[in-house]
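Please read the points below alongside the coordinates.

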Amino acid sequence: MSAVRLEQITGSDARLRQALTAADLPTDDIEDDGRAFFRAVVGEDDQIAGFSGLERCGSDYLLRSVVVPADRRRGGLGRALVEATLANIEDDGDVFLATTHAAPFFAGLGFVEVQRQSVPGAVLATRQLSSICPSSATIMKLARQSHTATDHDHDRQDL
Ligand SMILES: CC(C)(COP(=O)(O)OP(=O)(O)OC[C@H]1O[C@@H](n2cnc3c(N)ncnc32)[C@H](O)[C@@H]1OP(=O)(O)O)[C@@H](O)C(=O)NCCC(=O)NCCS
């Protein structure tokens, strides 16, 4: 498969909205400030391989709006899309996400399920987690910060 290339787009991109709607993902807040969205393209003719978004939450991030067109799934594009998106993060902030159907996919990328009470307030305050995503959504975390032994033990108790 050709390498995925990411291009930054705005939340008002019509094809982003269309792809999220087709996958039943939230669109209510995509034009709010503080979000970065990406279009992934492959091939010499820049075929669309998916979309993704990052939202800054204090020192952490919310990974959101991850979608691969239905007819292109299960071919490695989702993994490539998420890895390329995370490569845009220049610091060591942890990455959180909420998902209703794709927890096994994200687990394969190193995300682990966490309970709401262990999620930082700035992440819980995002529109995705505070109002748009159903409370039954699975919240997952990719820990990217270096932890002391004590921090690590504390995190484990929170899981
Ligand atoms: C989730 C999604 C982005 C995955 O895209 P994809 O291109 O199918 O993913 P990949 O082909 O890169 O899959 C990577 C691995 O995850 C596995 N996987 C993908 N989707 C899975 C699922 N729903 N359940 C279990 N495993 C899954 C693949 O089998 C593959 O495993 P492998 O590395 O052992 O071969 C895609 O299914 C999608 O757009 N879903 C709808 C939108 C959505 O739910 N987004 C997440 C919320 S933000």
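How many residues surround the ligand, and which are the closest? In this predicted model, 18 residues surround the ligand, and the closest of them are Val66, Arg74, Gly76, Gly78 and Arg79.

**Ligand site**
- The space that the ligand takes up is the largest pocket.
- Three elements, namely strand 4 (60–67), helix 2 (77–86) and helix 3 (103–107), each contribute at least two residues to the shell around the ligand.

**Polar contacts and cover**
- Val66, one of the closest residues, has a polar backbone atom 2.7 Å from a nitrogen atom of the ligand.
- Gly78, also listed among the closest residues, places a polar backbone atom 2.8 Å from an oxygen atom of the ligand, while for Gly75 the distance from a polar backbone atom to an oxygen atom of the ligand is 3.2 Å.
- On its own the ligand has 920 Å² of accessible area, of which the protein covers 72%.

**Confidence**
- The average pLDDT of the chain is 90, and 90% of the residues score at least 70.
- Over residues 147–159, however, pLDDT stays under 50, and for this stretch the model has nine contacts beyond four places in sequence.
- Where pLDDT is low, predicted coordinates should not be read in detail.

Technical notes
Residues are numbered from 1 along each chain as its sequence is written. This is a predicted model: local features need pLDDT of at least 70, side-chain atom pairs count only at pLDDT 80 or more; totals for chains, interfaces and linings use all residues. Side-chain values use heavy atoms; hydrogens and water are left out. pLDDT is the predictor's confidence in each residue, from 0 to 100. Contact means heavy atoms within 4.5 Å. A residue is near a molecule or strand if one of its heavy atoms lies within 4 Å of it. A polar contact is a pair of N or O atoms within 3.5 Å; within protein, one must be able to donate a hydrogen and the other to accept it, and residues adjacent in sequence count only if both atoms are side-chain atoms. Accessible areas come from the Shrake-Rupley method with a 1.4 Å probe; for residues, only the protein chains shown count as cover. On a 1 Å grid over the protein atoms alone, a cavity is a set of points where a 1.4 Å probe fits but cannot get out, and a pocket is an open set with protein on both sides within 12 Å along at least five of seven lines; lining residues have an atom within 4 Å of a point. A molecule sits in a cavity or pocket if more than half of its atoms lie within 2 Å of its grid points. Helices (H or I, at least four residues) and strands (E, at least two) are DSSP runs, numbered from the N terminus.
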